[in-house]
Amino acid sequence: MKHLRSVEDVMTHAVISVDQGTAFKDIVEALRMWNVSALPVLAQDGQVVGVVSEADLLLKPQGTDTAHDTTAEQLMTRPAVTVTKDATIPTAARLMARGHLKRLPVVDGDGHLVGVVSRGDLLKVFLRPDEDIGAEIRELIMYQLIPHGSAEVHVHVANGIVYLNGSLPDPAMEDVVVRAAGTVPGVVDVKTDFTVPVSA
């Protein structure tokens, strides 16, 4: 499995959207047909200008039969909360949590819609095989963080939990190693049992 680091790695590329002039009933039909709770609203140039959700539709003033005259532009929430395709997965997760959102439109550098990312998409990172996670951590620790031959670190991964043991050239390195291992996609937790070097 390839490394899942950015939103582009996990997002859905085929996206259903509506334009600002889409009528109320057509929005309802699109939500039902595609089994989604919200749709990006696009301007003529393809930029995301808002999002229309089931909640927005339910908040439409009741009492008059104006559904055929009501458009996405009148109903949508603006500005849309979006994420760029090169954003990290934790960044997207924080945006969703902060806004209590289930999905985020993904945009390129010009604000044009290129995909959508859901909570489920972000959780794909935790489906990485333990072997892949372990291999990446070994490379990170032994080839990038620790001078060659100066330490012996054993890496074992089980269900996304990383177990590190062995010896380090400097006790202060433990915090650096733990933080680095925690940045590897798919890691749930990091546990250590390092031997403290004996001072001469």
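Is threonine 22 buried or exposed? At 15% relative accessibility, threonine 22 falls on the buried side, because the cut-off for buried is under 20% relative accessible area. Keep in mind that this is a predicted model.

**Around threonine 22**
- You'll find threonine 22 in a loop, with β1 (18–19) on one side and α2 (24–34) on the other.
- Its side chain makes a polar contact of 3.0 Å with the side chain of aspartate 19.

- Arginine 128 pairs up with glutamate 136 in a salt bridge, at 2.9 Å from N to O.
- Arginine 128 has a relative accessible area of 4%, so it counts as buried, and glutamate 136 is buried as well, at 9% relative accessibility.

- Aspartate 121 and lysine 124 form another salt bridge, with 3.4 Å between the closest N and O atoms.
- Here aspartate 121 is buried, at a relative accessible area of 8%, while lysine 124 is partly exposed, at 35% relative accessibility.

**A partly exposed pair**
- Lysine 191 and aspartate 189 also meet through their side chains in a salt bridge, at 3.5 Å from N to O.
- Lysine 191 is partly exposed with a relative accessible area of 39%, and aspartate 189 is partly exposed too, at 34% relative accessibility.

Terms used. Residues are numbered from 1 along each chain as its sequence is written. This is a predicted model: local features need pLDDT of at least 70, side-chain atom pairs count only at pLDDT 80 or more; totals for chains, interfaces and linings use all residues. Side-chain values use heavy atoms; hydrogens and water are left out. Helices (H or I, at least four residues) and strands (E, at least two) are DSSP runs, numbered from the N terminus. Buried means under 20% relative accessible area, exposed over 50%, partly exposed in between (1.4 Å probe, protein chains only). A polar contact is a pair of N or O atoms within 3.5 Å; within protein, one must be able to donate a hydrogen and the other to accept it, and residues adjacent in sequence count only if both atoms are side-chain atoms. A salt bridge is a side-chain nitrogen of Lys or Arg within 4 Å of a carboxyl oxygen of Asp or Glu.
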